[in-house]
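My entries follow in the order I made them.

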Amino acid sequence: MRFSTQTLLLQLGVVLLVVLLSGAVHAWLVYERIGDEAENQALTLARTVAADPDIREDVQAISKEEGTPPASVLAAGPLQAAAEAVRVRTGALFVVITDETGLRLAHPDIARLGERVSTDPSVALAGREITTRNTGTLGPSAGAKVPVYAPSAEGAGTAGSIVGEVSVGYSMESLSKSLAQDIVPIALTAGGALLAGVLASFLLRRRLQRLTLGLEPEEISTLVHDQVAVLQGVDEGVIGIAADGRISVFNAAAARLLDLPDATGQDWATANVPGQLKQLTQPAARDAEAVELVAGGRVLVASARKAWHRKEDLGWVVMLRDRTELQQLTRQLDAVGTMSTALRAQRHEFANQLHTIAGFMSIGQHEQAKEYLARISATGPLKFPVEQAELLQDTYLQAFVGAKSVEASERGVALRIGPETLVRGHVADPQDVTTVLGNLIDNAVSAAVAGSASERWVEVELLDDAGQDNGTLHIVVGDSGDGLGNLEPEEVFAEGFTTSEQPVRQGAGQGLGLALVRQLARRRGGDVRVLETGRKGGPGAVFMATIPGVLGRSADAGAEAPTGTGAGREADRTMREDSSG
């Protein structure tokens with residue numbers, strides 16, 4: 001039997017028991033009230049009869065006689081006539097008059113005259129009134145017994161002496177008839193209460209089934225255990241929004257990915273979660289649509305699904321997946337691929353250089369061969385299209401910036417190293433440097449291509465911090481583009497901002513670069529900001545990134561930075577202002 005059915009039957013049983021008990025108690029109270037009223041009415045009637053002067057005289061006269069008159073005499077006497085007249089007039093079951101010994105002087109049944117009464121008359125003969133409920137010769141009754149006092153006239157005997165008693169009773173059957181008349185409202189009330197209880201039980205059963213989705217308690221318990229195990233065991237963030245807009249599920253992974261405390265129980269519309277997540281649960285949102293966002297220093301892919309159960313709207317389920325490592329790995333692979341492409345492009349030139357040297361040697365032009373080798377040694381064996389590339393001493397930075405210069409050159413942009421560039425340490429954390437430097441160069445190249453200046457260029461300056469021991473790298477990137485225009489500097493760091501002219505491909509990560517690198521730098525204790533917003537026709541915007549802890553110390557760490565011009569001077573001035581402030 002289903003739990004809801006058991007609950008319904010239990011409720012019906014309780015309602016029925018309560019109604020029956022209430023009805024029985026009510027009926028008993030009504031019965032007692034009617035009985036008390038009958039006793040009071042009998043007592044009043046008995047007092048009236050016992051106080052009648054004629055009856056008192058007749059009872060006293062019979063009491064003075066020797067013995068008791070025979071039944072025939074009593075039946076024809078005045079006491080019998082008076083008692084029967086009162087009984088018929090009032091509807092009583094009996095009106096009985098006895099002498100001082102309890103012998104009947106008047107009784108509805110003539111055959112019982114002269115006999116002793118069936119109920120004890122001693123209390124009334126002792127001078128006390130009493131109400132009783134007894135079963136006598138005429139059946140069960142509710143009545144009263146009252147003493148009869150002798151008349152107080154002279155010569156009539158001792159004034160105030162008890163000469164007999166009067167018993168008056170009303171049939172219990174008549175009481176039951178009165179109860180039957182009064183019990184109808186009681187029965188109707190009990191029936192109405194029972195019907196209301198049954199209806200309430202059915203409504204409660206339906207609500208219970210709706211709330212539990214028709215599941216049994218054992219199934220609910222199993223689901224709770226499974227839910228806790230699944231939600232706390234998966235790496236994906238799960239947020240459940242009930243149909244009333246309340247957050248019902250917020251697992252530990254969601255709190256970790258969003259860098260927020262547990263928001264279970266909060267209203268979804270006012271919860272402190274990214275706005276992109278709330279847009280996913282709008283009525284017009286499509287289930288299959290997913291968005292990328294930056295939250296808590298991570299790149300997340302979020303999707304939302306509408307939850308239904310048998311056509312019942314259960315709300316929304318929002319899934320969060322961490323793509324931070326994938327994005328970083330993708331950028332590293334892009335950098336490696338870029339460098340590999342550049343190296344393959346230069347392979348033929350390297351081979352030509354070797355053939356040239358071999359040619360000089362074979363014809364005996366040793367001096368020209370030496371001069372040629374000297375020029376190669378000064379510029380490097382591979383010629384990346386980077387102006388002042390000799391300012392970069394770190395091999396990783398040489399390779400990465402050189403590879404980026406090849407990409408920029410293919411788009412018609414000249415990549416150059418600023419004259420103030422000086423990095424005395426070596427790159428100890430290529431991953432974060434690749435992410436930040438690559439984003440800034442890519443954005444600058446795109447801005448230069450889209451700019452209106454005839455000469456397209458991007459200038460990069462890299463400086464270490466001579467006054468710090470935490471391996472801080474300062475990156476300054478400027479371009480020949482048209483600047484930020486009417487945009488505020490902080491707007492470019494918003495999620496979704498992109499300098500790409502191509503439509504953003506879903507899931508490609510475009511529009512997240514600047515927001516991601518800023519959060520990455522701030523997580524390390526640094527920052528990414530706009531130094532100059534630029535102007536129409538160039539030069540364009542200048543970005544500066546400070547990344548602590550990415551450089552290792554080298555032997556020439558005490559060298560001084562040269563003085564120059566351009567974006568590097570602005571960065572140097574800004575760093576000095578920051579350190580003095």
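Entry 1. The model I am reading is predicted.

Entry 2. I looked up helix α12 (residues 395-410) against helix α13 (residues 430-450). Their axes come within 11 Å and cross at roughly 25°. α12 and α13 are therefore roughly parallel to each other. I noted the hand of this crossing as right-handed.

Entry 3. Which residues of α12 meet α13? I listed Y396, L397, F400, V401, K404, E407 and A408 on the α12 side. On the α13 side I listed P430, V433, T434, L437, G438, I441, D442 and V445. Sorted by class, this contact has 10 nonpolar, two polar and three charged residues.

Entry 4. I turned to the sheets. An open sheet of five strands runs in the order β2-β1-β5-β4-β3, and its pairing is antiparallel. Which strands stand at the edges? They are β2 (104-106) and β3 (130-136); each has a single partner strand, so one side of each has no neighbour in the sheet. I recorded an average twist of 35° from one strand to the next.

Entry 5. Within this sheet I checked β1 (residues 94-99) against β5 (residues 162-171). The two strands run antiparallel and are joined by six bridges. T98 stands opposite E165 of β5.

Entry 6. I then looked for helices on the sheet. Helix α2 (residues 53-64) packs on it and touches β1, β2, β4 (139-149) and β5. The direction of α2 makes about 120° with that of β5. Helix α4 (residues 78-90) also packs on the sheet, where it touches β1, β2 and β5. For α4 I took the angle to β1, which is about 155°.

Entry 7. Next I looked up a hairpin. Strands β6 (residues 237-241) and β7 (residues 247-250) pair in the antiparallel sense, with three bridges. G240 has V249 in β7 as its bridge partner. Five residues lie between the strands of this hairpin, and G245 takes a positive phi near 85°.

Entry 8. Last, I took the totals. I count 15 helices and 18 strands in the protein. Of its 581 residues, 41% are buried. For contacts between residues at least 6 apart in sequence, I noted that 63% join residues at least 24 apart.

Terms used. Residues numbered from 1 in each chain as written. Predicted model: local features only at pLDDT ≥ 70, side-chain atom pairs only at ≥ 80, totals over all residues. Heavy atoms only, no water. Axes fitted to C-alpha atoms, helices over the stretch in contact; angles between N-to-C directions. Helix = DSSP H or I, 4+ residues; strand = E, 2+ residues; numbered from the N terminus. Parallel < 35°, antiparallel > 145°, perpendicular 65-115°, else oblique. Left-handed = near helix turned anticlockwise from the far one by under 90°. Contact = heavy atoms within 4.5 Å. Nonpolar A, V, L, I, M, F, W, Y, C, P; charged D, E, K, R; others polar. Pairing = 2+ DSSP bridges. Buried < 20%, exposed > 50% of the residue type's maximum accessible area, 1.4 Å probe, protein only.
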